[in-house]
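Subject: Structure handover

Hello,

Here is the structure you are taking over. Please open it next to this email and read the notes below with it on screen.

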Amino acid sequence: MPEPTPIDHPISKLSFFLRHTAEWKQDVRQNAESLEEGLGKPGVLRDADVARVKRIYTEQQESLALFEAQSARWSALPGLSGSRRAALAELNGNLAELRLLNARVLDTAALLERATLEKQMGASDLEWGIAAVQGRLPRM
């Protein structure tokens with residue numbers, strides 16, 4: 001996939017970026033929590049589901065880089081007011097939290113990948129029984 005081309009937005013768009021990242025944070029947090037519910041339920045997701053999550057959140061890392069670059073350009077502008085500096089600090093906080101949430105989703109997806117429905121169905125009952133007795137059931 002080609003690198004996204006950054007668009008230099010005017011500082012007047014800062015409030016939009018703040019609203020957008022606040023909503024984005026909420027969505028990613030909810031998605032992370034939903035995925036984490038699957039950790040105790042092997043076989044709840046298919047390989048394709050996990051692959052899609054990994055693709056989307058890997059692409060999201062690229063979008064975050066664009067937002068961070070925009071914030072850095074705005075921060076370098078001369079003569080920013082105190083309120084704009086405060087708004088930029090808030091934006092940077094949102095972006096930092098989004099980075100952490102994004103990593104949380106990708107880490108959870110990596111764990112879920114070990115026990116997808118296909119992996120569950122691919123093992124025989126005997127294999128599952130031996131794994132259970134030996135304490136080797138997929139741990140997530």
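Is Arg29 buried, partly exposed or exposed? Arg29 has a relative accessible area of 28%, so it counts as partly exposed. In these notes, buried means under 20% relative accessible area, exposed means over 50%, and partly exposed lies in between (1.4 Å probe, protein chains only).

Before the rest, two remarks on the source. The model is predicted, so local features need pLDDT of at least 70 and side-chain atom pairs count only at pLDDT 80 or more, while totals for chains, interfaces and linings use all residues. Residues are numbered from 1 along each chain as its sequence is written, and side-chain values use heavy atoms, with hydrogens and water left out.

The chain as a whole

The chain has five helices and zero strands. Both kinds of element are DSSP runs numbered from the N terminus (helices: H or I, at least four residues; strands: E, at least two). The radius of gyration is 20 Å, well over the 14 Å that the globule rule gives for 140 residues, so the chain is more spread out than a compact globule. That radius is taken over C-alpha atoms, and the globule rule is 2.2 Å times the number of residues to the power 0.38. Along its principal axes, the C-alpha trace spans about 70 × 30 × 20 Å. Of the 140 residues, 28% count as buried.

Contacts (heavy atoms within 4.5 Å) can also be sorted by distance along the sequence. Among those with a separation of 6 or more, 83% come from residues 24 or more positions apart.

Helix H2

Buried residues of H2 include Val50, Tyr57, Leu64, Phe67, Ser71 and Trp74. The buried residues of this helix pack against helix H1 (14-37) and helix H3 (82-112).

Ser71 is one to look at on its own. Its relative accessible area is 1%, so Ser71 is buried. Leaving out residues up to four places away in sequence, Ser71 touches Leu88, Leu91, Asn92 and Leu95. With Asn92 there is a polar contact between the two side chains, at 2.5 Å. A polar contact is a pair of N or O atoms within 3.5 Å; within protein, one must be able to donate a hydrogen and the other to accept it, and residues adjacent in sequence count only if both atoms are side-chain atoms.

Salt bridges

How many salt bridges does a search of the whole structure find? It finds eight. A salt bridge is a side-chain nitrogen of Lys or Arg within 4 Å of a carboxyl oxygen of Asp or Glu.

One of them joins Arg29 and Glu97 (2.1 Å, N to O). Arg29 lies in helix H1 and Glu97 in helix H3, so this pair ties together parts that are 68 residues apart in sequence. Glu97 is partly exposed, at 27% relative accessibility. Lys25, Arg29 and Glu97 are linked in a network of salt bridges.

Another is formed by Glu36 and Arg104 (2.7 Å, N to O). Glu36 is in helix H1 and Arg104 in helix H3, 68 residues apart.

A further salt bridge pairs Arg99 with Glu68 (3.0 Å, N to O). Arg99 belongs to helix H3 and Glu68 to helix H2, so the pair ties together parts that are 31 residues apart in sequence.

Regards
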